[in-house]
Structure formats: C-alpha cells, structure tokens
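This briefing sets out selected features of the structure shown below.

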Amino acid sequence: MRTEAVPGALLEISGLKTHFFTEDGVVKAVDGVDLTVYQNRTICILGESGCGKSIMARSILRIVDAPGRITDGRILYRAADGREIDLATARQGSAQLRQIRGQDIAMIFQEPMTSLGPIQKIGKQIVETILLHRKVSKAEAKEEAIEMLDRVGIPDPRQRFEAYPFELSGGMRQRAMIAMALSCQPRLLIADEPTTALDVTTQAQILDLIAELKEEFAMAVMLITHDLGVVAEVAEDVAVMYMGRVVEEGDVYAIFENPQHPYTRALMASVPRIGVTKSGRLPAIKGMVPHPLARPSGCPFRTRCDSAMPGVCDTSVPDLVPAGDSRTACFLFSDATGNG
Amino acid sequence: MDETILKVRDLDMHFAVGTSLFGKPKSTMTAVDGVSFDVRRGETFGVVGESGSGKTTLGRCIMRILQPARGSIEFRGKDEDPVDLTGNNSERLSQVWRDIRMIFQDPQSSLNPRLPVIEIVGQCLRKSEKLGGQALADRVAMLLKQVGMRPEVLHRYPGAFSGGQRQRIGIARALATNPQLVVADEAVSALDVSIQAQTLNLMQDLQEQFDLTYIFIAHDLAVVEHICDTVAVMYLGQFVERASKTTLFKNPQHPYTRALLSAVPVPDPRARQGKRRRLAPRESSTEKTACRFAPRCPHATDICKTQAPPRKRIGDTDVLCHFAGEI
C-alpha cells in the first residue's frame, strides 16, 4: 500500500474493499483495489461483467446501494485548493461530500434513460445541477445550460432545453447526460459504459466528444468499459480488473503491446479483430468467472489460468508488482512470500 | 457447395405506427424494404446493421414470427421440395420448423424461467418425435454434452446458470430437431468477451459437425468478419451492400459500409486516427429521400434525393448506390 503522495495524482485509491452483505453471504465485489487517477489523463477500467468495475466507481462517489458498503481502504481525493479528503470515510450526506459529488467529480451512466428524470425537461434538470453547486441566478443558469447543450452537439439547444428525455434518441440523451455532468466543470468525469447501449457510429461520436471536452475542460476521465476497442481508442492509462481486484495496470501501449498478466493476455487474444483475425477458432479463456460467493482461494484468476502453479497461486493473493512495462498482480512475476 | 438453401425475394415488412380510435393506422413504418438474397447451404450469412436497420425484423420474417407484407421466402431442405415460408401450407410448414431454428439474443428472456432444462430443450422433441421418459432425458443429455454442458443439469432451472451457459442451453434447444438452417439473432452480443469467444467457437464446431447453415444477425462487425462467409449490410430496411466477407471488409463500396467500418474502435492504440470524419447523427425527422442514406452521406447529390439508387454489381459485390464504383 502506498502512503507517500504521488505528484499529479487526483485520486489515490488504496486497499479499497466494498462488500455486499447479502442473506446468502458476503459478496466481495471490490476486494483490495489500488488505483491512481492522474490529473488531465484518461484512465480506462477494463473488465468483464461482475468484475467490480462499476462498484469501484460508485464507491468513489459513495453511491453504493445497500447492502453494500465500503469496509476498508482509502479513496484520497486531492481538491483544487490542495486539501486531501478521504472519500471512503467522509460522512454520508456531509456538505463536503455533497460538494465534491457532482461539482468536482461527476458521473455518467450506461443507460441515460434511467439516470435522467423521466418527467422533467432536460433543461430543468441541468439548471438544477448548476443552481445546486454554483452561485448564479436562474436566468444565468438557463443560459449556461443552453450553452452546454450546444457544446455537446445537440442541435437547436434552445428548443431542446424544453424537451423531455423520452423525446431524444439514445445518442442525444447521452449527450444531454454529458452536458449535465459537465455543467459544473468537474475535475474528474467518471463514465460508466457510456457507449455500450449505442450504435457504433453514435459511439464514435460520443467518444470523440468526451475526448474533446476532456481537453477543453482540462479534466481527468475515468472510463469504465468491457470493450477493448474503446479502451484502445481513448485511454492513456489502463487498469484491468478481475473479480474485484486490479490485476494489471499501465499505460495503454504497455497493456496492448506487452500485456503481462495471463488474464490480460488471454483477453487480448480472445477478441476478433477486423482484418487481422483468421477464421477458425478464437483462443478463448477456459471456464467462466467463479460465482461471487465461491471465490477461489489465493489468486482469483487461478481457476481459469493456463499458467496456474499449484501450491503457489492457491495460497495467497498476489500484489501488483512491476513487470514488463506495467504493474501486474501475478506470481509469475513475484514470489508468494510477498518480497516482490 | 453452391446449393441454395434459402431464397428470399422482394421481402417487405411494415409496422403500423399509432392507431386512431378505430384501430386504423395513422402511418406505417417500413422495417424491411425489398430485400432479396440467397443463402447457400453450409455457409454463414451475416446481416449487420445498427439498431433500427430492420435486421431483427428480417430474421423474424424468416422464422414467420412476423408475417411479411410482401415477397417470398423459399426454403429448400435437403432432399425436399422447396416450400414458401410465407405461404399457408400449415402441414408442410410445421415440418419445416424442425429444419429451421432460431437462437435469440437475450438468454435471460428467451428461456422460460419456470421450466427445467430438460423441458426447455426437450419440449419440441416430445411433440415432434413423441419422445418421453428416459429416452427424452438421454437425448437432452446428449444435446447438452454437445454444447459443452454437463448432463447433470437436466433438472435445473435457467436461474441457476450464467449468461454464457444460458446461451448454450438456447443453442442446445435450437439443435434438438437436427435443423439445417439456424437463424442466430445477436447470439453473442450479450456475452462477455471471454464467453463470446467460447460461444463463437462452439457455433463453428457445431456447424462443421452437423453441416449447419447460419444466418448470423449482429451489429458487431469484428464478430461478423470472424464467423461469416457472406455479409449483407442493412440500413433502414434495405441491403445497401452484400459481398463475400473478404471483399466487403477489404474493399467496401457503399459509403455507409465505409462509415460503419471506420467507426468501429480498433483494439490497437497505435491505430488511433485522432479525430476522424464522423457520420452526422441520424435525424429523427422522417425526411424520406430516394436513397435512404442520402441525408447522412458525404457524397450525396441531388440525384440521391430524387431517384432511387440502382443495384449495381462490382466484382462480387452487390451495392445500392448511384455512385458505386466512382467514389
């Protein structure tokens, strides 16, 4: 666990555990995540469904639903004025947390229809966000909202200000979501599968838009996705998650060109690529993700890993250590005694 | 190998949009618009398109889940007379639905949660082959084995399985009657990357083993390129381009195909092209131009708005565009 400050770090997550206490047992959705988000950089969190990537993101904003709660770890947020706030222990409902949420850190979701209120005009919803966080008059807020709608590429923003979410197409709704998220000029935008529900041509537009706005507002972006193509398109840093842990992290070139962790390697090999893949069998990862209530002992990936070493991988959980150009949590690169 | 198994001609499908007080439709929406194609026995025929392109409706018309408004769909089974799937010969058609089966997108909703696996997979066998008891259990167990599942799961319910396993059950159900043609509608879209690869491999193995023909409907171009032999690109109900996989991906002719291909994010950070030319968003307004793609097309001229584009043949590509071969 790192304790010293990392220069340029906006958010330092260390040892984060978010567990769900269900009737059937404890689901360790996030189980020891170490992650750093740097200012003005785009980090992609890559993982399959159930790997805990969304819960990790929700933990940052403290919007994890019951019966889940953060049980351990720190989420150190460095505010613009230099203060450091541990979001993991900030009191729920405190002014401090409310100010960060939405103002400093904003989030957009996969299905904008479920996160936009259905019976309020989108303009009003954006104005509400602005009024909540900034000292402006209603009229000013309205003008800003319209400007924001224009900025995210919604045609006729003045007219669309009066539109209800259901009157917009999926891509336009996602744009409206982005307009709302960015209306307070956050320092970090968390985007949870923002383009998964969209067509490829719309997806390309939204990814372009996010990249453009990231430069314009000089913000950091954390983009959560399962799509390797999206990661390659937008990421600067990448963290690969599997069963609640980061198994490999590094810059995008290291992860794509020199992946170290057996899971990252297998994932890279298992996607068909246009113009590259030969017909025939894809190298698939064997088996499936274990049931969350039946986590394997030791390394969570060992049950599907071709390089699993009996007596090593099943005894303890590997930590992230430098390997190749990235950092990897695998006993191929460190020994089980924890000496790295 | 050039034997045709399915011959679709001038297929139209409309939906009524909004009905007046007495059920008279206010307007109609054309979901499939004059689609014609042949599927060869043993091939995988891919249909790609974005949401709203009509690809699912096309699949549903073939399965007769929907009754097409116009056109014919001729199925030629092995050693059987051709039969028109849009026709009324119900006795003959009930036979045909053993030869043509479907795999659905959502393994969650396409399996009845209140039926055990043996019923889900075996129901059709009870009816068509009058199987029951141990014979049925043995047969379903064998089918499960073929899709890589343990026969012990016979009496479990769909809720006990993960998405990937459910899709395998769906595939076993489709295979139960020894079909010749399988319509797979977004069969792997809901699955995770690693499970998707397993399922695609399984579908290819089964195709070889049972000499299956697939109609593979999908929006993921990389998956389509991987599994299909022939690919048709659909846009607002029409096949705008159809060619062999190699030709289509190497040398796309229609501006829409090109836009689609360039919009797919490539899993290689060095291939990032910075800001590329993007398609304008589809206007929700129902401005209807002769060429459906004209409002978004970078090459469109006046003729595209007024005259329906001709179907041209360039090499082995069928393309619906005024300027095909020139742009």
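**Burial, helix packing and nonpolar cores**

B:Q253 counts as buried, because its relative accessibility is 6%, under the 20% cut-off. The model is predicted. The points below begin with this residue and then turn to chain A helices and to the cores.

**A buried loop residue**
- B:Q253 lies in the loop that runs between α8 (245-250) and α9 (255-263) of chain B.
- Apart from neighbours within four places in sequence, B:Q253 contacts B:E241, B:R258, B:I314, B:T317, B:V319 and B:G325.

**Packing of two helices in chain A**
- Helix α7 (residues 170-182) and helix α8 (residues 200-217) of chain A have axes that come within 10 Å and cross at roughly 15°.
- α7(A) and α8(A) are therefore roughly parallel to each other, and their crossing is right-handed.
- On the α7(A) side, the contact is formed by A:G171, A:Q174, A:R175, A:I178 and A:L182; on the α8(A) side, the residues include A:I206, A:L209, A:I210, A:L213 and A:F217.
- By type, the residues of the contact of α7(A) with α8(A) are seven nonpolar, four polar and one charged.

**Nonpolar cores**
- The largest nonpolar core has 99 residues, of which A:L35, A:M56, A:I60, A:L87 and A:M222 touch the most other members.
- α7(A) supplies the largest share of this core, with eight residues.
- Not counting residues up to four places away in sequence, A:M222 touches residues including A:L35, A:V37, A:I43, A:M56, A:I60 and A:L188.
- A second, separate core of 70 residues has B:V140, B:V153, B:A172 and B:L202 among its members.

Conventions:
Residues are numbered from 1 along each chain as its sequence is written. Chains are lettered from A and ligands numbered from 1 in the order in which they are written. This is a predicted model: local features need pLDDT of at least 70, side-chain atom pairs count only at pLDDT 80 or more; totals for chains, interfaces and linings use all residues. Side-chain values use heavy atoms; hydrogens and water are left out. Axes are lines fitted to C-alpha atoms, for helices over the stretch in contact, and angles run from 0 to 180 degrees between N-to-C directions. Helices (H or I, at least four residues) and strands (E, at least two) are DSSP runs, numbered from the N terminus. Angles under 35 degrees count as roughly parallel, over 145 as roughly antiparallel, 65 to 115 as roughly perpendicular and the rest as oblique. A crossing is left-handed if the near helix is turned anticlockwise from the far one by less than a right angle, and right-handed if clockwise. Contact means heavy atoms within 4.5 Å. Ala, Val, Leu, Ile, Met, Phe, Trp, Tyr, Cys and Pro count as nonpolar, Asp, Glu, Lys and Arg as charged, and the others, Gly among them, as polar. A nonpolar core is a set of buried Ala, Val, Leu, Ile, Met, Phe, Trp, Tyr and Cys residues joined through side-chain atoms within 4.5 Å. Buried means under 20% relative accessible area, exposed over 50%, partly exposed in between (1.4 Å probe, protein chains only).
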